[in-house]
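Please open the model in your viewer and keep the sequence panel beside it. The tour below goes from selection to selection and says what is there at each stop.

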Amino acid sequence: MWAGEADNLETRAGNKKVEAKSKAPHAKPAYGPKVTATGSALGGKTPEGLAVRTVSITSGYRVIREKFREVASRHSIARPSRRVELGSSLQRAEIFIRLTHALNKHPVFMKITFLGTAAATSYPLAFCRCKFCNTARERGGKDFRKRSSVIVNDDLLIDMGPDIMSASFLYGKSIADIRYHLQTHSHSDHFDSQVFTTRSPEYRGVNTPRLQVYASTKTLARMAEMVKNDGYVNNFLEATEQARMNLEVFPVKPFDSFKIGSYDATAFPTDHDTAVESLLWAITENDFTLFYGTDTDIIPEETWKGFHEKNLKFNVVVLDHTYGPDADSGGHLNANRFVQQIQRMKVEELLADHSRILATHLSHEGNPPHAELSEYAAKFGYEIAYDGLVI
Ligand SMILES: [Zn+2]
Ligand SMILES: [Zn+2]
Ligand SMILES: [Zn+2]
């Protein structure tokens with residue numbers, strides 16, 4: 001399957017050297033699939049073609065190495081390892097090179113799609129003619145920000161926010177494929193009860209997977225009220241309603257770690273709104289960990305402690321950046337405190353090699369338009385996310 005998926009095989013194995021350096025599909029593969037296959041041919045002939053002595057596969061990721069081993073064993077290569085002694089055919093070298101291309105074309109890493117990157121107020125703000133909002137209206141593109149939400153791969157949604165439908169149309173991410181719904185908290189810029197309500201059978205939705213819903217007990221209780229107010233659903237925390245809506249609800253406590261499909265998830269507390277027990281999420285798949293940290297102000301000490309106790313190293317950090325440099329209305333991070341948080345992550349070795357740090361949940365308060373804010377962020381080693389960004 002892997003070999004069959006490869007295309008554009010550029011490599012021609014001569015009697016000297018077989019080499020394929022595959023390019024990752026993303027514009028900025030800072031952590032991306034870096035797979036290199038090299039090999040050398042002996043120059044002699046075997047019944048199958050040119051003899052190839054070695055093919056070595058380089059990748060820092062266990063999951064890639066495992067994939068190679070799996071393919072190697074399928075092709076009866078005796079001692080499949082990171083460095084594979086082929087000792088036989090060119091075909092086998094080609095299998096590995098094709099596999100390299102296939103892995104890079106279909107990364108086995110987590111793919112994160114930003115459906116929205118604005119604070120509750122959207123960006124630009126509806127009724128505002130400040131210079132930032134005016135510039136955003138003129139420029140459009142990355143300066144139009146919808147309310148924050150992300151999809152991990154194709155099946156995990158963090159925050160069923162009020163803009164997810166329009167975002168799903170724009171960025172080609174089907175909400176129908178979502179199996180796992182993680183909610184940070186119940187604020188209305190993160191949870192749209194009307195989208196959720198359409199799971200009730202009165203809306204005649206068919207053929208979608210059972211939805212697993214994860215949130216804190218207090219956020220679930222608030223979500224249940226909001227959904228009830230829309231009519232159609234009585235109380236989705238009750239088993240009968242869950243069955244009717246083809247979903248399953250999992251109340252989560254801070255520091256709970258559990259398996260969700262192919263992911264390991266951990267919930268962390270934040271003081272953003274203790275009345276609804278706001279949570280921040282760490283999601284790990286294979287060796288790769290995303291920390292999704294909005295909404296939050298300064299990360300609480302117990303959460304820092306939790307990061308260490310759970311032995312986490314983040315490959316991608318997505319963090320609240322509601323207010324720009326020196327701007328502040330409280331309850332969220334501003335640029336200054338954002339920088340403090342990421343510096344602390346560095347100092348405490350919570351960041352994996354080549355990690356990426358992205359700001360989200362941006363408001364017009366002190367945050368200039370994308371280009372200018374990106375320049376500022378680059379000085380401090382982070383990036384500004386934008387709607388439709390895929391990493
Ligand atoms: Zn928010
Ligand atoms: Zn404004
Ligand atoms: Zn909030």
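Helices (H or I, at least four residues) and strands (E, at least two) are DSSP runs here, numbered from the N terminus. Residues are numbered from 1 along each chain as its sequence is written, and chains are lettered from A and ligands numbered from 1 in the order in which they are written. This is a predicted model, in which local features need pLDDT of at least 70 and side-chain atom pairs count only at pLDDT 80 or more, while totals for chains, interfaces and linings use all residues.

**Whole chain**

Colour the chain by pLDDT, the predictor's confidence in each residue, from 0 to 100. The average is 83, and 72% of the residues score at least 70. Select residues 1-34: pLDDT stays under 50 there, and the model has 80 contacts beyond four places in sequence for this stretch. Two residues are in contact if their C-beta atoms, placed from the backbone, lie within 7 Å. Residues 39-54 also stay under 50, with 52 contacts beyond four places in sequence. Where pLDDT is low, the predicted coordinates should not be read in detail.

Switch to a cartoon, which has eleven helices and 17 strands. Of the contacts with a separation of 6 or more, 70% are between residues 24 or more positions apart. Of the 391 residues, 48% count as buried. A residue is buried if 20 or more other C-beta atoms lie within 10 Å of its own, exposed if 12 or fewer, and partly exposed in between, with C-beta atoms placed from the backbone.

**Sheet β5 to β10**

Select the open sheet of six strands, whose order is β5-β6-β7-β8-β9-β10 and whose pairing is mixed. Two strands pair if DSSP finds at least two bridges between them. β5 (112-116) and β10 (247-252) are the edge strands; each has a single partner strand, so one side of each is left without a neighbour in the sheet. On average, neighbouring strands of this sheet are turned by 20 degrees against each other, direction ignored.

Zoom in on β5 and β6 (residues 149-152), which are antiparallel and share four bridges. Ile 112 has Val 152 in β6 as its bridge partner.

**Sheet β11 to β17**

Next, select the open sheet of seven strands, ordered β11-β12-β13-β14-β15-β16-β17 with mixed pairing. β11 and β17 stand at its edges with a single partner strand each, so one side of each is left without a neighbour in the sheet.

Where is Lys 259? Lys 259 lies in strand β11. With 8 C-beta neighbours inside 10 Å, Lys 259 counts as exposed. Its bridge partner in β12 is Asp 264. Draw a distance from Lys 259 to Thr 284, 25 residues apart along the chain: their C-alpha atoms are separated by 9.5 Å.

β11 (residues 257-260) runs antiparallel to β12, joined by four bridges. Two residues lie between the strands of this hairpin, in which Gly 261 takes a positive phi near 55 degrees. Strand β12 (residues 263-269) is mostly covered, with six of its seven residues buried. Six bridges join β12 to the antiparallel strand β13 (residues 279-285), and Thr 266 has Ala 282 in β13 as its bridge partner.

Move to β15 (residues 314-320), which pairs with β16 in the parallel sense over six bridges. Val 318 has Leu 358 in β16 as its bridge partner.

**Core**

Which residues touch the most other members of the largest nonpolar core? Trp 281 and Val 318 do, in a core of 73 residues. A nonpolar core is a set of buried Ala, Val, Leu, Ile, Met, Phe, Trp, Tyr and Cys residues joined through C-beta atoms within 7 Å. Beyond four places in sequence, Trp 281 is in contact with Ile 158, Leu 182, Thr 184, Ala 265, Ala 267 and Tyr 292.

**Helix α11**

Finish at helix α11 (residues 370-379), whose buried residues are His 370, Leu 373 and Ala 377. They cover an arc of only 70 degrees around the axis, which puts them on the same side of α11; the arc is that of the directions from the helix axis to the C-beta atoms. Glu 375, Ala 378 and Lys 379 are exposed on the other side of α11. The cover over the buried residues of α11 includes β16 (351-360) and β17 (383-384). After α11 comes Gly 381, with a positive phi near 80 degrees.

Technical notes: Axes are lines fitted to C-alpha atoms, for helices over the stretch in contact, and angles run from 0 to 180 degrees between N-to-C directions.
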